[in-house]
Amino acid sequence: MSRLSPENVTIAEEIIARYPRPKSALIPLLHLAQEQDGHVADDAMTHVAELVGVTPAEVLGTCSFYEMFKRHEVGTYVVNVCTNISCQLLGGEELLHHAETVLGVKAGGTTDDGLFTIEDVECIAACTEAPCLQVNYRYRYHVTNDDFDQLVDDLRAGRATDVPEHGVLATVRQRIAGDRLAGVVPPEVATEAPVWLPDPAEERAR
Amino acid sequence: MGLLDSVRGFGLTFGKLFDERVTTEYPAEKREKSERLHGRHVLNRYEDGMEKCIGCELCAGVCPANCIYVRGQDNPADDPVSPGERFGFVYEINYLRCIHCDLCVEACPTEAITESKLFEFSFTSRDDAIYTKDELLVGDDGKPQQLPWEDWRDGEDQHTSAWMRATAPSGDASYEGRVAWAGELGYGTRDPEVGQSGGDGD
Amino acid sequence: MTAPTDADVVPVTVNGVEVEANAGELLIDACERNGVYIPRFCHHPRMKPVGMCRMCLVEVDAGRGASLQPSCMLPCTPGMIVDTESDLTKKAQDGVLEFLLINHPLDCPVCDKGGECPLQDQTMAYGPGESRFVEEKRHYEKPIPISDTVYLDRERCILCDRCTRFASEVAGDPLIHFQDRGSQTQVNTFPDEPFASYFSGNTVQICPVGALTAKPYRFKARPWDLEEVDSTFPNPMGDRVNVQSSRDRVLRIQGVDSDATNWGWLTDRDRFSFEALSHDQRLVTPLVRGDSLGNATDDGDELVATSWAVAVERAASAITASLEAGGAESIGVIGGANLTTEAQYVWAKLAKGVIGTDNVDAQLGDGLPAQVVTALPRNTISDAMAPGSAVVLLVDDPKEQFGTLFLRLRHAAVEGDITIVELSPIASGLGSLVTVGAHARPGDVGAVARAIVDGRTDVEVGGVEPAELQAAAAALAARAVTVIVGRPSVAEQAGPIIDAIAAFTELESVSFLPLLRRGNISGALDMGLTPGMLPGRTTLAEGGEWYRAAWGTVPADSGLDTAGMLEAAVDGSLTTLVLLGADPLADFPDADLASRGLAACRTVIAVDIFASSSVANADVVLPAAGFAEGAGTHTNLEGRLSPLMQKVNPPGTARADWLIAAELAWALRADLGIESPESAWAEIERLAPSHAGATVEQVRAAHDGLVIPRPDDAGADRPAMVSFSAPVPTEIVPVDGYALRLVADRRLYDQGTIVQHCASMAHQSDLARISMHPLDAAALGVRDGDLVRVTSARASIELPARPDRCVPRGRAVIPLNRAGADVRALIDLATVVTDVRVATL
């Protein structure tokens with residue numbers, strides 16, 4: 001839908017500066033684009049490609065690998081209902097069915113008001129709390145049908161304050177100062193091997 | 001050698017006068033042709049009228065007499081000639097070279113080309129001997145076209161496509177009795193042929 | 001390739017037989033070299049291994065027990081025991097193929113690859129007889145166009161990564177990429193961003209299935225009705241190609257992997273140029289002036305078809321009339337750079353040895369003098385790009401004009417240790433791979449080269465800052481330098497380039513690769529189709545006597561070049577002009593002079609394959625055979641001779657160029673004594689100083705061609721070859737602070753005759769645009785797309801503008817031969833450079 005806004009371009013340049021190669025900033029920039037529009041738009045991918053110096057096809061190649069980058073518009077709240085084994089045994093599928101009935105869309109669909117997208121997901125690593133779901137990747141545990149109705153009401157009324165809009169990773173943006181970089185250097189200018197690799201000189205001697 | 005010998009010699013001749021005749025009044029009268037006779041080719045259509053030929057040139061490639069010339073072309077998207085991407089744009093068979101071996105029929109992946117029972121066709125020019133796609137293609141009724149110099153009789157178009165290929169699944173005992181042919185314009189789906197396991201059409 | 005020494009050789013046991021592999025060589029290559037073929041899809045000798053397809057799994061015991069390993073990822077190590085035929089290997093091959101075929105549609109009968117498909121072949125050879133897969137296969141929209149010439153059918157794709165690797169590794173245009181990696185992986189472009197690479201056709205050739213198909217060949221033929229011959233594509237690099245035809249029509253050109261030249265690659269313009277050969281506007285019959293009823297009359301308004309006898313007789317009588325009226329100097333020959341080397345020799349013999357004129361020029365004011373080009377010590381492409389060497393670029397953008405050389409340069413820059421110094425006026429498509437971009441201002445390149453060679457790098461010279469000069473000097477220091485030199489802009493005279501050449505000849509270790517436009521230009525210059533020269537890189541003065549003895553006559557004095565001939569035509573001293581595949585109206589930098597010159601000639605005789613604008617105004621038109629329609633020899637920029645083979649017959653009554661020359665000579669009551677290309681070559685080998693020892697048998701037999709001059713001294717008794725002497729340096733033109741200096745360059749797709757007669761390429765030629773540095777554009781108040789008026793001392797034209805960072809400050813770039821505006825109107829050939837002023841409208 002849109003390219004990155006001027007404010008986001010400033011942030012993007014800051015992010016790119018953290019890495020020895022611009023290309024390494026690709027995924028953080030895709031998150032930035034998703035945060036801006038709620039999904040990663042084609043134009044945003046083209047813009048990210050320009051910023052990191054690769055082709056749009058390469059950006060799409062990376063972006064399309066990750067399920068959590070949405071390349072089409074999704075609802076403000078993406079509800080992932082787990083139907084993997086633990087949740088399934090404890091009523092995950094029934095919960096999904098209830099969600100579909102309440103919101104009036106099938107899994108994968110978005111409500112007409114653009115507020116909710118329901119997805120049927122595989123294990124989200126909360127088996128002890130089954131059945132569980134995520135709203136914009138924020139967990140809800142032991143969800144009953146009533147809990148779900150309550151959740152929808154809260155989200156509609158803006159009462160669920162811990163759930164930001166889709167695409168927002170965290171409410172606080174981490175800023176790393178320029179002098180506090182990780183100290184990584186590109187391989188072509190590295191003078192010594194990383195500590196976790198054996199010393200090439202020793203290797204040769206052996 | 002006496003007189004009696006020549007009478008005895010004619011005995012066979014006169015005796016045959018009263019036997020059943022084995023010759024026929026050809027061409028006024030034709031004998032029934034064998035079911036698998038290889039005659040002139042036809043290009044078939046599916047029941048919906050689409051051409052079966054996809055212009056793959058396998059027939060031309062396999063032809064030992066080099067008598068087939070095929071060229072394919074992109075199917076027009078709005079008015080496709082055949083199912084799929086490609087159709088036979090040019091299809092010509094030179095009957096001065098064809099030896100009716102039927103390898104083209106075997107090679108055809110879509111049963112587009114088959115052979116009728118007609119072999120009585122003679123031409124007065126070389127151009128007439130080269131059958132074009134318009135002439136080979138079955139008509140709108142799905143029946144072979146009768147060209148002015150061809151002597152078609154009733155039933156000669158029958159079993160045109162019911163020739164069982166040696167490599168066809170119905171050559172395999174496990175496929176016997178199953179219809180292995182696509183339905184075709186004018187004739188629909190044909191009955192399966194008997195297999196090669198010795199049965200006589202049970 | 002040097003023979004491996006013992007230390008480089010590792011013993012490997014393959015199927016029980018001990019063979020020698022080179023250390024570091026991939027197992028799959030070592031096996032193939034030793035006669036054991038391992039099936040593969042993704043492995044390609046010119047690209048890095050990826051191990052995508054798993055087809056090359058073999059059982060290998062490298063000391064830790066036998067296991068299945070992909071042989072395309074495995075460098076040979078000493079004592080490796082390999083079994084390519086074990087039960088385990090066979091089971092793996094069987095399984096890989098069954099998996100690959102799970103989603104592969106069985107539409108082989110309609111697939112262009114069917115019959116030459118590695119997947120088909122290897123399934124037959126190594127695969128399971130039947131599939132156990134009964135489920136529905138994966139479905140995608142059937143072929144989608146990913147560029148103007150390439151279709152992609154994702155259903156057929158087996159994800160071998162060859163096309164995507166080619167795009168990113170070889171061509172540097174990663175516009176196709178894997179998407180939706182996982183169980184839904186597909187190759188595709190970014191939405192609405194086509195695979196607009198100049199090299200996209202190569203992906204079709206290397207695709208091991210029918211996933212990528214080429215539009216120009218789509219459904220034209222099947223592999224079994226193609227006949228093929230290995231030949232040479234007539235471009236300056238002499239790319240080796242395989243020409244394939246069916247029913248006397250060339251239907252496909254594929255690259256052939258020649259280690260010396262193109263490595264199997266081709267540009268799309270060359271690959272798909274065969275479309276022009278069977279264009280219905282080809283000249284098929286001789287034409288002469290005639291009336292509207294089709295009767296041949298001397299002063300007719302139209303060109304009418306006639307017989308060869310009539311046309312040749314007309315041409316001969318025009319030449320005879322000029323000879324009688326104005327002597328041999330009143331006859332000129334322009335063009336001939338696209339002929340075979342043999343035909344060039346025969347035409348040189350006809351012009352210089354029979355007619356006796358030295359007014360012969362294969363270049364149309366956009367080349368370099370043959371006395372310079374043929375005198376330079378040459379290098380081969382491979383040696384120029386050997387590790388540790390340096391390359392100086394002073395040519396058109398190789399990506400636009402010399403694609404396969406660009407790929408070699410790119411590979412050397414990415415993989416090898418070479419430094420590239422760019423002296424061309426604007427940055428080339430090599431982009432950041434260039435070590436130093438010392439983009440000399442047009443007119444000043446001689447001074448820039450001088451400064452770099454002499455080490456005077458403390459002040460700015462010719463628009464190049466001291467930092468770049470120092471970097472360039474450092475990049476060339478202590479390295480073997482190869483200068484790739486041509487004419488990067490026709491708006492700059494040849495003088496400054498020759499000055500730069502003169503400067504570089506003073507380097508310690510230097511050689512040259514003259515990279516000029518037009519297919520067989522090297523052959524034309526070698527064969528003396530240029531004023532003052534005779535076949536074999538010798539001059540009139542040096543070789544005159546030698547050739548007089550062989551030919552009977554040779555012009556005494558040096559003749560006129562193309563510009564001189566056109567001027568002589570205007571003032572009436574040149575009355576008959578022969579155009580050998582030349583189109584001065586469209587191609588000569590001064591269009592006005594060309595049109596006045598052609599109009600003033602009493603007779604213009606054109607030998608061509610298409611009725612170009614110049615041909616349409618000719619008096620006698622003789623149809624010539626095109627590429628693949630005649631045999632001969634090609635000479636590339638290294639001086640490499642390689643055979644051009646005939647594959648189809650010329651259309652109509654068109655004849656080979658050498659035959660036309662021989663017929664014309666016969667009509668002039670002279671016998672050239674040449675009956676075939678072979679007999680022409682025998683004469684070249686017998687006479688030309690540079691071609692001694694290069695027999696036709698040797699040229700045909702050598703897979704990578706034969707570089708001349710041969711190292712032996714077979715030509716010792718012949719005239720000396722021309723040697724380089726530096727001319728008086730060209731004056732440097734002071735910079736006009738209010739003007740931009742014009743660069744008139746060329747692009748891959750333009751209004752050229754061949755491109756415009758290829759259905760799949762004609763529309764790819766953009767409109768002319770003027771590009772300048774964004775800061776210059778801002779200073780002039782010009783935004784992207786604005787229509788501007790560009791004015792030189794000579795004329796002014798209007799065209800849209802485009803800011804472009806690749807253009808250095810103070811310069812303006814307008815491509816030649818593009819629709820919309822003709823940059824040639826601005827250029828004055830008499831001035832060293834052209835300055836233009838740009839104003840918004």
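Chain A contains 8 helices and 4 strands. The model is a predicted one. Along the sequence of chain A, these elements follow the pattern α-α-α-α-β-α-α-β-β-β-α-α. Chain A touches chain C through 9 of its residues, and chain C also has a contact with chain B. The points below take chain A, its contact with chain C, and then chains B and C.

**Chain A: overall build**

- Chain A has 206 residues, of which 33% are buried.
- Among the contacts in chain A with a separation of 6 or more, 62% are between residues 24 or more positions apart.
- The domain assignment divides chain A into domain 1, residues 6-71, and domain 2, residues 77-157.
- Between the C-alpha centres of domain 1 of chain A and domain 2 of chain A the distance is 29 Å.

**Chain A: helix α2**

- Helix α2 of chain A covers residues 26-37, which is 12 residues.
- From first C-alpha to last, α2(A) reaches 17 Å, close to the 16 Å expected at 1.5 Å a residue.
- The buried residues in α2(A) are A:L26, A:L29, A:L30, A:L32, A:A33, A:Q34 and A:Q36.
- An α-helix has 3.6 residues a turn, so residues three or four places apart point the same way.
- The cover over the buried residues of α2(A) includes α1 (6-17), α3 (42-52) and α4 of chain A.

**Contact between chain A and chain C**

- The contact involves 9 residues of chain A and 12 residues of chain C.
- On the side of chain A that touches chain C, helix α4 (residues 56-63) gives the most, with 5 residues.
- That side of chain A is made up of 4 nonpolar, 3 polar and 2 charged residues.

**Contact between chain B and chain C**

- Chain C contributes 10 residues to this contact, and chain B contributes 14 residues.
- By class, the side of chain C that touches chain B has 5 nonpolar and 5 charged residues, with no polar residues.

**Chain B: the open sheet**

- In chain B, 3 strands form an open sheet with the order β2-β3-β5 and antiparallel pairing.
- The edges of this sheet are β2 (68-74) and β5 (130-131) of chain B; each has a single partner strand, so one side of each is left without a neighbour in the sheet.
- Strand β3 (residues 86-94) of chain B is joined to β5(B) by 2 bridges, and the two run antiparallel.
- B:I93 has B:Y131 in β5(B) as its bridge partner.

**Chain C: domains**

- The domain assignment of chain C lists domain 1 (6-98), domain 2 (287-367 + 521-707), domain 3 (372-514) and domain 4 (740-840).
- The C-alpha centres of domain 2 of chain C and domain 3 of chain C are 33 Å apart.
- In the contact between these two domains, domain 2 of chain C supplies 11 residues and domain 3 of chain C supplies 9 residues.
- The side of domain 2 of chain C that touches domain 3 of chain C has 4 nonpolar, 3 polar and 4 charged residues.

**Chain C: the sheet β11-β12-β13**

- An open sheet of 3 strands in chain C has the order β11-β12-β13, with antiparallel pairing.
- Its edge strands, β11 (227-232) and β13 (249-255) of chain C, each pair on one side only.
- On average, neighbouring strands of this sheet are turned by 30° against each other, direction ignored.
- There are 6 bridges between β11(C) and strand β12 (residues 240-246) of chain C, which run antiparallel.
- Opposite C:T232 stands C:R240 in β12(C).

- Strand β34 (residues 796-803) of chain C runs parallel to strand β32 (residues 770-772) of chain C, and 3 bridges join them.
- C:M772 has C:P803 in β34(C) standing opposite.
- Strand β33 (residues 787-791) of chain C runs antiparallel to β34(C), with 5 bridges between the two.
- The bridge partner of C:V790 is C:I797, in β34(C).
- A hairpin is formed by β33(C) and β34(C), with 4 residues between them.

Terms used: Residues are numbered from 1 along each chain as its sequence is written. Chains are lettered from A and ligands numbered from 1 in the order in which they are written. This is a predicted model: local features need pLDDT of at least 70, side-chain atom pairs count only at pLDDT 80 or more; totals for chains, interfaces and linings use all residues. Two residues are in contact if their C-beta atoms, placed from the backbone, lie within 7 Å. Ala, Val, Leu, Ile, Met, Phe, Trp, Tyr, Cys and Pro count as nonpolar, Asp, Glu, Lys and Arg as charged, and the others, Gly among them, as polar. Two strands pair if DSSP finds at least two bridges between them. Domain bounds come from an automatic or database domain assignment. Axes are lines fitted to C-alpha atoms, for helices over the stretch in contact, and angles run from 0 to 180 degrees between N-to-C directions. A residue is buried if 20 or more other C-beta atoms lie within 10 Å of its own, exposed if 12 or fewer, and partly exposed in between; C-beta atoms are placed from the backbone. The expected span of a helix is 1.5 Å times one less than its number of residues.
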